[in-house]
Amino acid sequence: MRQKVLEEMPEIAWISDEGLKAKVLGAWAGALAASGFDRIGDMKPSGNYDSMPLRAGTQADHMRSVTRLAVAMAEEFDSLLPGFKYDRDILIAGGLCHDIGKVWEFDPENVERWRADPSNSGMPSIRHPGYGVHICLTAELPEEVAHIAGAHSGEGELLTRSLENTIIHWADYSFWKIIESGGQLADRDDWLPPEKKAH
């Protein structure tokens with residue numbers, strides 16, 4: 001499973017701290033093993049379970065692109081601004097794990113259950129940022145990485161984001177806005193099971 005994860009997200013090799021690298025691989029392997037997905041690429045390639053998917057590319061490609069954008073932004077500021085300090089390993093690990101909670105939110109069985117009775121446990125019951133914190137802390141990833149998973153999206157408006165989280169937030173937001181403006185979202189969604197009609 002770890003080898004599959006590394007094949008889908010080779011940027012994990014960019015992490016210089018071997019312990020952190022192993023924990024990122026372990027977190028993804030564990031998250032996939034506990035889900036209905038065999039690979040990251042089996043998940044719908046979209047921002048939310050109910051938003052339109054990418055025309056081309058996978059969920060892994062999204063996380064890889066966000067990580068690459070974040071590193072490029074940080075390197076630009078580092079070269080431009082004396083005293084700009086960031087943790088490159090945390091930035092990379094956070095970028096590659098920011099959407100790790102999608103294994104829960106995007107699972108078609110979960111979506112079908114939530115749709116059947118949203119009043120029971122919600123719709124979704126837990127968004128991917130919240131579930132991502134659970135995975136990160138269970139896998140003993142640093143708090144800084146769990147913070148990125150938990151607060152890269154709208155939930156982050158309720159707290160103060162770290163520098164690395166701020167960079168990931170804007171890389172992620174930019175990714176989806178540019179994809180949308182560039183006409184790179186599919187015209188229809190064939191990923192999720194159709195809603196069942198009540199008789």
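Here are some friendly notes on this predicted model, point by point.

1. **Ground rules.** Residue numbers start from 1 along each chain as its sequence is written, and side-chain values use heavy atoms, with hydrogens and water left out. Because the model is predicted, local features need pLDDT of at least 70 and side-chain atom pairs count only at pLDDT 80 or more, while totals for chains, interfaces and linings use all residues.

2. Helices here are DSSP runs (H or I, at least four residues), as strands would be (E, at least two), numbered from the N terminus.

3. **Val24 and its neighbours.** Which residues does Val24 touch, not counting residues up to four places away in sequence? They are Ile12, Ile15, Ala93, Cys97 and Leu141. Contact means heavy atoms within 4.5 Å.

4. Cys97 is in no disulfide, and its nearest cysteine sulfur, that of Cys136, is 5.2 Å away. Cys136 is likewise in no disulfide, with the sulfur of Cys97 as its nearest. Cys97 counts as buried because its relative accessibility is 0%, and Cys136 is buried with a relative accessible area of 0%.

5. **Gly95 in H4.** Gly95 lies in helix H4 and counts as buried, at 0% relative accessibility. Leaving out residues up to four places away in sequence, Gly95 touches Met63, Thr67 and Ile168. Gly95 and Asp17 are 78 residues apart in sequence and 15 Å apart in space, C-alpha to C-alpha.

6. **How H9 packs.** The buried residues of H9 are worth a look: Val145, Ala146, Ile148, Ala149, Gly150 and Ala151 are buried. The buried residues of this helix pack against H4, H8 and H10.

7. **Salt bridges between separate parts.** Side chains of opposite charge can pair when their charged atoms come close. The structure holds 12 salt bridges, each a side-chain nitrogen of Lys or Arg within 4 Å of a carboxyl oxygen of Asp or Glu. Glu8 pairs with Arg39, the closest N and O atoms being 4.0 Å apart. Glu8 lies in helix H1 (residues 2-8) and Arg39 in the loop between H2 and H3, so this pair ties together parts that are 31 residues apart in sequence. Glu8 counts as buried at 11% relative accessibility, whereas Arg39 is partly exposed at 28%. Glu155 and Arg127 also meet in a salt bridge (2.8 Å, N to O). Glu155 lies in the loop between H9 and H10 and Arg127 in the loop between helix H7 (118-121) and H8, so the pair ties together parts that are 28 residues apart in sequence. Glu155 is partly exposed at 26% relative accessibility, and Arg127 is partly exposed at 27%.

8. Arg161 forms a salt bridge with Glu157, the closest N and O atoms being 3.1 Å apart. Elsewhere, salt bridges that share partners join Glu11, Asp61, Arg64 and Arg68 into one network.

9. Phe77, Leu80 and Leu81 form a nonpolar patch on the surface, with about 270 Å² of accessible area together. Patches are made of residues with over 30% relative accessible area and no salt bridge, with like charges joined within 9 Å and nonpolar side chains (Val, Leu, Ile, Met, Phe, Trp, Tyr) within 5 Å; accessible areas come from the Shrake-Rupley method with a 1.4 Å probe, and for residues only the protein chains shown count as cover. Leu81 lies in the loop between H3 and H4 and counts as partly exposed, at 37% relative accessibility. Asp78 is found in helix H3 and is partly exposed, with a relative accessible area of 41%. Not counting residues up to four places away in sequence, Asp78 touches Phe84 and Tyr86.

Terms used. Buried < 20%, exposed > 50% of the residue type's maximum accessible area, 1.4 Å probe, protein only. Disulfide = S-S within 2.5 Å.
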